[in-house]
Amino acid sequence: MADISASFAGLSLRKCIYNASGARSMTPEELAALGNSEAGAILTKSCTLLPREGNPEPRYQDLEWGSLNSMGLPNLGYEKYIELSPELKKYGKPVFASVSGLSLEDNMKIIEAMNASEFDAVELNLSCPNIPGKPQVGYDFEDTEKYLEEISAICRKPLGLKLPPYFDFAHFEQMAGIIKKFRVRFLSCINAIGNALVIDSEKEIVIIKPKGGFGGLGGRYIKPAALANVRKFHELLPDIPIIGVGGIFTGRDVFEFVLAGATAVQLGTVLMQEGTSCFGRVARELEEIMDKKGYPSLERFRGKLKVIE
Ligand code: RRO
């Protein structure tokens, strides 16, 4: 049987497949279910300084090809996740905290506290698209550099970044140039495509309440954008492990992300739709493809996507 383990940021995952932040990862019960599942790691919902209820409902809709959300960062507050961290470690897999403070100051306070937690690493979310009046930090290169200067100076856990999708080579290059200046241990690419609009033409109405219906698009709609972001950052930053996220539903999808350069992958929309059984199913589908192709491990084909000469 093919080996689908992965290691990055000094951590070893028995399986390279785990949850995307936000998908079934907010409450102690949801995090325990991830612990008991075949997920290779546990990643929390992005946390803020104070607990948040999030945006008014309806704020999440499943769609035929994915999902639209404007959750608005509902979470239990960073202190609760730190309190839970020793219990989460008992499942014997790496435990990641997603951090999404509403300001640099908030992020500094949270990261400072994370240093003394049982979390193995931090995924700093620079790409929440759903807070009214708050632009995504990852689309402001000056702000991103300032955040990284300050946060990387105090963060004693391995630090990774959750990036928004980029769509222009100039932006990939600018972001990669900034990331190179700091000790960033992994990149999770991509967050939802922000501020998408889905319309119910029958009822002539939007499908989620916050922000006039604009929300983060996930699932199959965004897989090509996610693959492009994984590929481009892998080309520009070959020494930084890339975690692929966006539209992964099957083992074949994982295979494609690894070909593009991913070290591991996260499941979001499919986890919302199918529940935690998706981890085992996708893992077995990936193993089957690798066995058929004769690849004993992910290293054998990682990044080896062919181009047409
Ligand atoms: O909570 C959300 O609305 C949310 C966040 Br923080 C994020 O990073 N990405 C997303 O699609 N939704």
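This is a predicted model: local features need pLDDT of at least 70, side-chain atom pairs count only at pLDDT 80 or more; totals for chains, interfaces and linings use all residues.
Which side chain has an N or O atom 2.8 Å from a nitrogen atom of the ligand? That side chain belongs to Asn191.

Met71 takes part through its backbone instead. One of its backbone N or O atoms lies 3.1 Å from an oxygen atom of the ligand. How much of the ligand does the protein bury? Taken alone, the ligand exposes 320 Å². The protein buries 91% of that area.

Now look at the whole surround. The stretch from Met71 through Gly72 and Leu73 to Pro74 is part of it, and Asn69 also belongs. Asn125 is there too, along with Cys128, Pro129 and Asn130. Lys45, Asn191 and Ala192 complete the list. Sorted by class, this shell holds six nonpolar residues, five polar ones and one charged one. Lys45 is the charged member, because Lys counts as charged. The ligand takes up the space of the largest pocket.

Where does Thr48 sit in the fold? Thr48 is in the loop that links strand S4 (42-43) to strand S5 (60-63). Is Thr48 buried or exposed? Its relative accessibility is 2%, so Thr48 counts as buried. The cut-off for buried is under 20%.

Gln266 counts as buried because its relative accessibility is 1%. Which residue does its side chain contact? The partner is Tyr18. A polar contact of 3.2 Å joins the two side chains.

Finish with a helix. Ala170 lies in helix H5, which runs over residues 169-179. Why does Ala170 count as partly exposed? Its relative accessibility is 41%. That value falls between the limits of 20% and 50%, so Ala170 is classed as neither buried nor exposed. Ala170 and Pro238 are 68 residues apart in sequence. From C-alpha to C-alpha, the distance between them is 18 Å.

Terms used: Residues are numbered from 1 along each chain as its sequence is written. Side-chain values use heavy atoms; hydrogens and water are left out. A residue is near a molecule or strand if one of its heavy atoms lies within 4 Å of it. A polar contact is a pair of N or O atoms within 3.5 Å; within protein, one must be able to donate a hydrogen and the other to accept it, and residues adjacent in sequence count only if both atoms are side-chain atoms. Accessible areas come from the Shrake-Rupley method with a 1.4 Å probe; for residues, only the protein chains shown count as cover. On a 1 Å grid over the protein atoms alone, a cavity is a set of points where a 1.4 Å probe fits but cannot get out, and a pocket is an open set with protein on both sides within 12 Å along at least five of seven lines; lining residues have an atom within 4 Å of a point. A molecule sits in a cavity or pocket if more than half of its atoms lie within 2 Å of its grid points. Helices (H or I, at least four residues) and strands (E, at least two) are DSSP runs, numbered from the N terminus. Buried means under 20% relative accessible area, exposed over 50%, partly exposed in between (1.4 Å probe, protein chains only).
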